[in-house]
Amino acid sequence: MQIHNYLTSLAVAVGLTAATAGTCHAAGRYATDVTSDLALVYAGADTRPEWSVEEVMPFVIHTFADGTKGWFFDAFLILEFHSGSTGIAFQNGLNCEPATRDDWEWLMRRQLIPLASIDSAINIGRATIGEPPLRHKVVMTIPAAIKKQTRPFGQIEGREMDFSKDEDRLAAEKWAVVRLKELFNEADFRNLDLIGIYWVEEGLYTNGAIMPAVNDWIHDQGLRSYWIPYYANNEQFKFNWDKFGFDIAYQQPNYFFDRDIPLSRLHDACAESRDHGMALEMEFESQGKCHVQHSHPDSYYDRLVDYIDVFEQEGVYDNSAVAWYSGTKGFLDMARSDDPKDHELTDRMARIVTRRQAAKAAESKTATVTTGNGTATYRTATPWSGDIAIDFGPAMANDLFTFSNVSMNGNAVNTTSSDNIGPFLLAGRGWSGGNHLNDSRRSAETISVTALADGRPIDLNAAATIPCNTLTIKVKNRLLMPDGITTFANETVTYTARGNSIDVVAGHEFVCPDTVIIDRYYGMQSMFNGETEILTPGGEYAMWTPAGNVDRFTKASAPTFDTFIERSPAGYQATWLDRNTGLGNRDLVDPDDVVFIGNSYGKCYHKTIGNRAVTRGDRTSWHGVYTWFSKPVDSRLDSPIRSFAYAGTCNGLPALFYINASGKTKIIQLSLR
């Protein structure tokens, strides 16, 4: 825990609240999240709705008693723990058949069905009531490995799983996280962003030992980890949720379901949540013994009213994230009710949610995007960088659309006068992409550019200034063979500017007519103006080294290297390459080949391909983040810790980049206070 406490203190020092594995919760304060209100949607068991567009609509758009409509929830948790009548269990403790790998795959795919309907419902809302105040977010569920697996689970990475072993349960969970992320990305939803993974077991009696590693893996995938423990949970689990690596835990008061539980339970749950830095869950349902509808002969309506009243009295709606449990179809049944009292209560809940969303949206618009003449400039200010301005437009010899200039506190710190993304050197043929020409012939061209401010399309040709948090630029380029005619590869690059960072995801589909040997591909390069010193943690230049003395080093000499940092009188630039994504693992670079080149033509380079053949149909990708800052959060290069840390953003969220003595960067996902 010492290193985790240290990281938390670093986060606080730069005005951030840590929200990741092992960080300490803030005693005396409810937990907040990147979203204010999370609606639980159960999908998988055959007792659940099919979740058509009509059925999900009450979660997305609320119709008030007077007929007016408004946006409702902006975040959804899709979850399930069993298959219903077919008797398949997706967690420990159920009297059902343990799920196999095929069952896990089925459940993960099943979660996409309500998401597709929600995505369509949002499209309808955008066309009828206007743009939502916030981009819609999604949390999805991985099954929990059942320790007493009574039938073969199946293989992970060619090995049969034995769930009596911690390492095999961990391997299965890691596979599920990656697979779930793949399925979501393949679905290509227009209006939804995957932000996190939910741990389905409400207790940690069986899998507590592996949870820190599971959550570390979730964070490595750029996602947040969510948990909703029940009220009577063992306190060593519930109140130490952060030590297991969860980013947020919502406490279930469990008051709604039992009339023998006194009203004091709700006040106690609020007090406990404040004491242990937890959020809270709102609870009601419309099936089983506890019917929320007002007109039901045995109605539990008043107990839901108690939740709302007490949460208002205890400041939950002003200070805490809230998860909204409505059973199988509580919101749907309330929306379909003919009883005015039901509509009165859902109207009250909707007003609470929309008020909280409006406040979050108003507080979070910390940047602007200025457009016109086919270009965009993103401007913001952060406590760790000061004023930042990032220009996007055509640049380099091929006029490819990219970030063309970055300024910090009025100083141009990165000017794209040479390559920043790419290029490829084709052995015996010439260059393709980036800043390179072949006998004055272009080697690449931009085919299309799409721009979004907080997920909403914007027109780069129209003169406008748009408040937002995040600017996303999606670029499609055609990379050419050196003849200047034949296509070598289709390149897609997504730039996400938020705060003092640019998050880059690049992909290539090779369409060359014959086999091509790639002599080298740098991918992620750095143009940093006026650099005086360079730092490569985990590499040869593990201490600040004058730029003129920096050259290069090999993969074998620096197996964990992923970040280089440059320093100038104007500040710092860090260039982090994600080792968990695509080319970042350096598998296409030989051990004796270089992975870093410094002080070359005014640039530094991450090398990601060396002397490899590609043919038509091959694909590659990589992910990395450029960050600019006035000073590091921490620099202990001379101490035994040998650490370096700086603040930026990653995967669209504030983050602390913590680099240990071996040179490996850990992303500590953060949330703004």
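**Helix packing and strand pairing in a predicted model**

In this predicted model, the axes of helix 3 (residues 101-110) and helix 5 (residues 166-187) come within 10 Å and cross at roughly 35 degrees.

Q: Which residues make the contact between helix 3 and helix 5?
A: Contact requires heavy atoms within 4.5 Å. From helix 3, Arg101, Trp104, Glu105, Met108 and Arg109 take part, and they meet Ala172, Glu173, Trp175, Ala176, Arg179, Leu180 and Leu183 of helix 5. By class, seven of the residues in this contact are nonpolar, five are charged and none is polar. The crossing of the two helices is right-handed.

Q: Why are helix 2 and helix 4 called roughly perpendicular?
A: Helix 2 (residues 53-60) packs against helix 4 (residues 112-128) at an angle of about 65 degrees, with the axes 8 Å apart. Angles of 65 to 115 degrees count as roughly perpendicular, and the pair is therefore described in that way. The crossing of helix 2 with helix 4 is right-handed.

Q: What makes up the contact of helix 2 with helix 4, by class?
A: Val53, Val56, Met57 and Val60 in helix 2 meet residues of helix 4, including Pro114, Ser117, Ile118 and Ser120. The contact has nine nonpolar and two polar residues, and no charged ones.

Q: What makes strand 22 and strand 40 edge strands?
A: The open sheet has four strands in the order 22-21-31-40, with antiparallel pairing. Strand 22 (430-432) and strand 40 (609-614) each have a single partner strand, so one side of each lacks a neighbour in the sheet. From one strand to the next, the twist averages 30 degrees.

Q: How do you know that strand 21 and strand 31 pair?
A: Pairing requires at least two bridges. Strand 21 (residues 424-426) and strand 31 (residues 516-521) have three bridges, in the antiparallel sense, and therefore meet the criterion of at least two. Leu426 stands opposite Ile518 in strand 31.

Q: Why is strand 38 described as mostly covered?
A: A residue is buried if its relative accessible area is under 20%. In strand 38 (residues 594-600), six of the seven residues are buried.

Q: Which strands pair with strand 38 over three bridges?
A: Strand 35 (residues 552-554) pairs with strand 38 in the antiparallel sense over three bridges, and Thr554 stands opposite Val594. Strand 39 (residues 603-606) also pairs with strand 38 in the antiparallel sense over three bridges, with Phe596 opposite His606. The hairpin of strand 38 and strand 39 has two residues between the strands, and Tyr601 takes a positive phi near 55 degrees there.

Methods:
Residues are numbered from 1 along each chain as its sequence is written. This is a predicted model: local features need pLDDT of at least 70, side-chain atom pairs count only at pLDDT 80 or more; totals for chains, interfaces and linings use all residues. Side-chain values use heavy atoms; hydrogens and water are left out. Axes are lines fitted to C-alpha atoms, for helices over the stretch in contact, and angles run from 0 to 180 degrees between N-to-C directions. A crossing is left-handed if the near helix is turned anticlockwise from the far one by less than a right angle, and right-handed if clockwise. Ala, Val, Leu, Ile, Met, Phe, Trp, Tyr, Cys and Pro count as nonpolar, Asp, Glu, Lys and Arg as charged, and the others, Gly among them, as polar. Angles under 35 degrees count as roughly parallel, over 145 as roughly antiparallel, 65 to 115 as roughly perpendicular and the rest as oblique. Buried means under 20% relative accessible area, exposed over 50%, partly exposed in between (1.4 Å probe, protein chains only).
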